[in-house]
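Please keep the sequence and the structure in view while reading the points below.

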Amino acid sequence: MEHTRTPLAIIGDNTMGHAIVRGGQAGGPLGGAPVVVGEPDLVKHGRLRALGNVTVVTSALEAIERLAEFERRAGRPGQVLLAVKPQMLGAVSAELAGRVGERVVISILAGMPGHRVREALGGRCRVVRAMPNLPAKIGHGATAVCMAAGT
């Protein structure tokens, strides 16, 4: 096995998603894990690549495809972190229709119920809702976590 940590695809590079990657790599939970970020805004790509062990692609679909490659190499399923604005769920789900499968999806979409995320992504994924705070980027954050109903 090439990697011993769970592969992760991050959809979007909003402030919180970026803080999670930065803090997760520095603090250990993502250190050594294959991470791919799907972010259409090319301006953000430089700051993502500067973090080190991050593959950056321009779409959610490309991120899921790259995640599948990481999963094959790691010999384990990966997870997906949704780090987009809640109003972007429709566009993201249209792009990923049927591609997320049964993976764990961690949603940091404020105010978005887990069952809506699961339905939007095809109804098979297991959704965990998380509400992190910004100190995560320096490894001192706190996160409220709950499983969505039906997962």
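In this predicted model, His 45 has a relative accessible area of 5%. Because buried means under 20%, His 45 counts as buried. The points below place this residue, then turn to the sheet and to a pocket.

**His 45 and its surroundings**
- His 45 belongs to helix α2, which covers residues 45–49.
- Neighbours within four places in sequence set aside, the contacts of His 45 are Glu 39, Val 56, Val 57 and Thr 58.

**The sheet**
- An open sheet with mixed pairing is built from seven strands, in the order β3-β2-β1-β4-β5-β6-β7.
- The edges are held by β3 (54–57) and β7 (143–147); each has a single partner strand, so one side of each has no neighbour in the sheet.
- From one strand to the next, the twist averages 20 degrees.
- Four bridges join β1 (residues 8–11) to β2 (residues 35–38), and this pair runs in the parallel sense.
- Ile 11 has Gly 38 as its bridge partner in β2.
- Helix α3 (residues 60–74) packs on the sheet and touches β1, β2, β3 and β4 (79–82). The direction of helix α3 makes about 165 degrees with that of β2.

**The second largest pocket**
- The second largest pocket holds about 290 Å³ of space.
- Its lining consists of 18 residues, and those closest to the centre are Gly 12, Glu 39, Pro 40, Val 84 and Met 88.
- Helix α4 (residues 89–96) supplies the largest share of this lining, with three residues.
- By type, the lining has eight nonpolar, five polar and five charged residues.

Key. Residues are numbered from 1 along each chain as its sequence is written. This is a predicted model: local features need pLDDT of at least 70, side-chain atom pairs count only at pLDDT 80 or more; totals for chains, interfaces and linings use all residues. Side-chain values use heavy atoms; hydrogens and water are left out. Helices (H or I, at least four residues) and strands (E, at least two) are DSSP runs, numbered from the N terminus. Buried means under 20% relative accessible area, exposed over 50%, partly exposed in between (1.4 Å probe, protein chains only). Contact means heavy atoms within 4.5 Å. Two strands pair if DSSP finds at least two bridges between them. Axes are lines fitted to C-alpha atoms, for helices over the stretch in contact, and angles run from 0 to 180 degrees between N-to-C directions. On a 1 Å grid over the protein atoms alone, a cavity is a set of points where a 1.4 Å probe fits but cannot get out, and a pocket is an open set with protein on both sides within 12 Å along at least five of seven lines; lining residues have an atom within 4 Å of a point. Grid points are joined across faces, edges and corners, and a volume is the space filled by probe spheres set on the points. Ala, Val, Leu, Ile, Met, Phe, Trp, Tyr, Cys and Pro count as nonpolar, Asp, Glu, Lys and Arg as charged, and the others, Gly among them, as polar.
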